[in-house]
Each structure stands twice: as structure tokens, then as C-alpha cells.
Amino acid sequence: MSVNLTINGRAATAQSEPATPLLWVLRDELGLTGTKFGCGAKLCGACTVHLDGEPIRSCSTPLSRAADRSVSTIEGLSKDNSHPLQKAWIAHDVPQCGYCQSGQLMSAAALLAANQNPSDAQIDEAMKGNVCRCGTYVRVRAAIKTAAAEMRRGKA
């Protein structure tokens with residue numbers, strides 16, 4: 001069975017079974033390996049992507065749910081690390097092991113798409129499902145604030 005969807009703004013067709021987790025379709029069938037497998041139980045957020053702009057856990061989302069919808073992955077954030085979040089992540093030296101970072105960035109991108117001036121509490125709420133085993137939460141919050149400020153200045 002084929003499933004049509006839009007991935008990072010481009011039409012795509014997946015041949016996997018409709019119950020296949022979207023994560024495996026993205027990684028194994030479409031070659032978008034930026035999205036990571038973490039827990040497989042939507043608990044850690046490493047596999048976060050956007051479905052019609054909303055952050056979801058791709059490890060537990062069946063391909064059928066994405067049919068005829070728009071999926072954004074870390075590869076779609078920017079092609080050259082020019083997204084304000086990517087620049088802020090680098091400026092604040094956020095990644096340590098880096099494994100959770102694509103999910104962290106996608107959750108942060110969803111937050112800033114909805115709110116370009118989030119409070120600490122709003123950042124904590126938006127990011128609470130993204131677990132970082134290195135404990136870079138303080139730097140994640142600082143990077144989000146830096147990116148938000150850049151976006152408000154119209155540099156995004």
C-alpha cells in the first residue's frame with residue numbers, strides 16, 4: 001500500500017504498512033536519519049517531528065496518521081543551520097552527546113512558531129517531554145530565548 005504525504009515541503013510516497021511507526025518510514029524508507037529513536041514509547045522525545053506543525057512522537061505515530069498531511073523533520077528546519085534555533089544551539093553550546101538534540105530542536109521550533117516570546121514556564125512546559133541524559137536543560141532554555149529574540153527582531 002502506498003501512502004502520500006508531504007515531507008519538509010516535498011511530496012513523498014511511502015510504501016510501508018499503514019501501522020508502521022512514522023519514525024521508521026522517515027529513517028529507513030525515506031533516508032531522513034536526523035530523527036532519532038530513543039525509547040520507542042513516546043517518553044523521551046528524541047523522535048519528535050511536526051505533523052501539520054504540531055510536535056508528535058514519530059516512534060508511536062503510525063504512518064496512516066500522516067497520510068495526506070505535512071511532516072517536518074530536523075532536515076526541514078534549514079539546509080544550512082541558519083534557523084535561529086540552530087544558530088542559538090551552537091552559540092550556547094547546547095549539545096553534549098547530541099542524541100536528543102533533533103527532538104529538542106523540533107519541540108522548540110513548534111513552541112516558537114506559536115509564541116515568539118515564551119516565558120521560562122512556557123519553555124519548560126513545551127520542552128518537558130524531551131529528555132536529555134546530559135542535562136543541558138539550562139542551555140536549551142537560554143538558546144530558545146536567544147532564538148526567540150532573533151525571531152522577534154525579524155531575522156528569521
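# Briefing: loops, a pocket and salt bridges

N8 sits in the loop between β1 (3-7) and β2. Helices (H or I, at least four residues) and strands (E, at least two) are DSSP runs, numbered from the N terminus. This is a predicted model, in which local features need pLDDT of at least 70, side-chain atom pairs count only at pLDDT 80 or more, and totals for chains, interfaces and linings use all residues. Residues are numbered from 1 along each chain as its sequence is written, and side-chain values use heavy atoms, with hydrogens and water left out.

- N8 is not a glycine, yet its phi is positive, at about 50°.
- N8 is partly exposed, with a relative accessible area of 26%. Here buried means under 20% relative accessible area, exposed means over 50%, and partly exposed lies in between (1.4 Å probe, protein chains only).
- D52 also has a positive phi of about 50° and is not a glycine.
- D52 belongs to the loop between β3 and β4 (54-57). Its relative accessible area is 42%, so D52 is partly exposed.

**The largest pocket**

- What is the volume of the largest pocket? It is about 200 Å³.
- Pockets are found on a 1 Å grid over the protein atoms alone: a pocket is an open set of points with protein on both sides within 12 Å along at least five of seven lines, and lining residues have an atom within 4 Å of a point. Grid points are joined across faces, edges and corners, and the volume is the space filled by probe spheres set on the points.
- The lining consists of I7, N8, R10, A11, A12, L30, L32, E75, G76, S78 and K79.
- β2 (10-14) and α3 (74-77) are the elements that give two or more residues to this lining. The largest share, three residues, comes from β2.
- By type, the lining residues are five nonpolar, three polar and three charged. Ala, Val, Leu, Ile, Met, Phe, Trp, Tyr, Cys and Pro count as nonpolar; Asp, Glu, Lys and Arg count as charged; the others, Gly among them, are polar.

**A nonpolar surface patch**

- W24, F37 and Y99 make a nonpolar surface patch of about 270 Å².
- Patches are made of residues with over 30% relative accessible area and no salt bridge; like charges are joined within 9 Å, and nonpolar side chains (Val, Leu, Ile, Met, Phe, Trp, Tyr) within 5 Å. Accessible areas come from the Shrake-Rupley method with a 1.4 Å probe; for residues, only the protein chains shown count as cover.
- F37 lies in the loop between α1 (22-29) and β3 (48-51). F37 counts as partly exposed because its relative accessibility is 34%.

**Salt bridges**

- Side chains of opposite charge can pair when their charged atoms come close.
- A salt bridge is a side-chain nitrogen of Lys or Arg within 4 Å of a carboxyl oxygen of Asp or Glu. By this rule there are six salt bridges.
- E150 pairs with K87, and their closest N and O atoms are 2.7 Å apart. E150 lies in helix α7 (residues 137-152) and K87 in helix α4 (residues 84-91), so the pair ties together parts that are 63 residues apart in sequence.
- Is E150 buried or exposed? E150 is buried, at 10% relative accessible area. K87 is partly exposed, at 37%.
- K145 and D120 form a salt bridge of 2.6 Å, N to O. K145 is in helix α7 and D120 in helix α6 (residues 120-127), so this pair ties together parts that are 25 residues apart in sequence.
- K145 is partly exposed at 36% relative accessibility, and D120 is partly exposed at 31%.
- Which residues are linked in a network of salt bridges? They are D120, D124, R141 and K145.
- E125 and K128 meet in a salt bridge of 2.9 Å, N to O. E125 is partly exposed at 48% relative accessibility, whereas K128 is exposed at 59%.

**Distances in sequence and in space**

- A142 is part of helix α7. A142 is partly exposed, with a relative accessible area of 27%.
- A142 and I123 are 19 residues apart along the chain, and their C-alpha atoms are separated by 9.9 Å.
- R153 is in the segment after α7. R153 is exposed, at 54% relative accessible area.
- R153 and K128 are 25 residues apart in sequence and 27 Å apart in space, C-alpha to C-alpha.

Definitions and conventions
1 Å grid on protein atoms, 1.4 Å probe; cavity = no way out; pocket = protein on both sides within 12 Å on 5 of 7 lines; lining within 4 Å.
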